[in-house]
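Student: Could you help me learn how to read packed helices and salt bridges in a protein model?
Tutor: Gladly! Let's look at one together.

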Amino acid sequence: MTALGDLVEIDDRTLLVLGRELDLAHDQPDVGNALVHRAGDTLVLVDTGVTTPFRTALRTAADRVGPWSRALVLTTHGHLDHVGNNDLADELGVPVEHCVPARDLDQMRDPESYWVRSFERVAWAAPLPASELAGKVVSLFEPLRPFAAATRTYEERPLEQIRIGSQRFTGWTFADGAVRVLRSQGHCAGHVIVHLRDHGVLHLSDEGNGACGAMYDADQLKIQSVLGAVAGLFEEGEAAVLTDGHTFAVRRGAEAVSHLDGLLEQATALQAAALGLTGEVGRIVPSTFATRYAQAVAELGVGGANPNPLFTAMMALNELGELGLRPVPGADADAPWSRPALRNPEPPR
């Protein structure tokens, strides 16, 4: 049994700070795990979670991996459960860099609009109007301080090609190359993952949340591509320890590969199930499809992080999009989706 802020030692310079699950019924926000590491004289914080108790746990972890004389705070993506204590960067008392993904700045500045857009898509599954529900959700994440005086975007640094074994990534390196930030952009538009070169730790953050991304800005191909690439790093010995944002687990070696392969197998099984549910029907009502899709998710045992009916409904819409179905522009949220007609365009006159 784990508790918020528990520290899991990976090695003498690296700790995983455990978050907790979402519980909307009891107004409990989820908290993403954070990674705390020392690279030479540099403290490295990968995400800062949310809530005051988690902030205290981060400070305890930072003291345990010390001593350090500078700090690097890395935000993997802009979701509320990963950014609430980002202003901790200003309280460390040493020179500090804090980097966030440029593509997630809008949601960090205005999280309610981001969640309104997410909930409007599944209005038929939401217990409240999208704007009211988004406001309620965002209010759970307190204190919410995603920016520090030191905050800059990764994209203000020159993009690098980063080769790790046979895999090639683009991203940015820090601490003389000991910390590698790799662009992934699957779970949401700006997402990055972090590789600690000398310690073999690969932090997936929320790219490992499940077989299908739920958010409107998720990219299923990128999720699956990064899972495959990371599995390759473990098979080649370029990574030895896998952590992520929500499973509260530290996976090593073959166990990490098996876990990643399992996520990819789940992704193909879910899409096969979704294809079977659409069949030859020309028009699909989202709410009806989502109910049947939720049954398939349960039968396959595929839940992902923080499973709940709203997120499953959001996953269902993303599966419809992956299968090539599209909503009628401007129609209400539960209007039927269908595949575009396949016909050659009319010749110009």
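Tutor: Keep in mind that this model is predicted. Two packed helices are described by the angle between their axes and the distance between the axes. Here the axes of helix α6 (residues 220–235) and helix α7 (residues 253–278) come within 9 Å and cross at roughly 160 degrees.

Student: What does that angle say about how α6 and α7 run relative to each other?
Tutor: Angles over 145 degrees count as roughly antiparallel, and therefore α6 and α7 are roughly antiparallel to each other. Their crossing is left-handed.

Student: Which residues meet where α6 and α7 touch?
Tutor: On the α6 side they include L227, V230 and F234, and on the α7 side V257, L260 and L264 are among them. By class, this contact has 10 nonpolar, three polar and one charged residues.

Student: Now the salt bridges. How many are found in the whole structure?
Tutor: The search finds nine. In one of them, D87 pairs with R55, and their closest N and O atoms are 3.0 Å apart. D87 sits in the loop between α2 (80–83) and β6 (96–100) and R55 in helix α1 (residues 52–65), so the pair ties together parts that are 32 residues apart in sequence.

Student: Are D87 and R55 buried or exposed?
Tutor: Buried means under 20% relative accessible area. D87 has 13%, so D87 is buried, and R55, with 12%, is buried too. R55 and D87 also belong to a network of salt bridges with E91 and R145.

Student: And where do R109 and D106 lie?
Tutor: Both are in helix α3 (residues 105–109), three residues apart, about one turn of the helix.

Key
Residues are numbered from 1 along each chain as its sequence is written. This is a predicted model: local features need pLDDT of at least 70, side-chain atom pairs count only at pLDDT 80 or more; totals for chains, interfaces and linings use all residues. Side-chain values use heavy atoms; hydrogens and water are left out. Axes are lines fitted to C-alpha atoms, for helices over the stretch in contact, and angles run from 0 to 180 degrees between N-to-C directions. Helices (H or I, at least four residues) and strands (E, at least two) are DSSP runs, numbered from the N terminus. Angles under 35 degrees count as roughly parallel, over 145 as roughly antiparallel, 65 to 115 as roughly perpendicular and the rest as oblique. A crossing is left-handed if the near helix is turned anticlockwise from the far one by less than a right angle, and right-handed if clockwise. Contact means heavy atoms within 4.5 Å. Ala, Val, Leu, Ile, Met, Phe, Trp, Tyr, Cys and Pro count as nonpolar, Asp, Glu, Lys and Arg as charged, and the others, Gly among them, as polar. A salt bridge is a side-chain nitrogen of Lys or Arg within 4 Å of a carboxyl oxygen of Asp or Glu. Buried means under 20% relative accessible area, exposed over 50%, partly exposed in between (1.4 Å probe, protein chains only).
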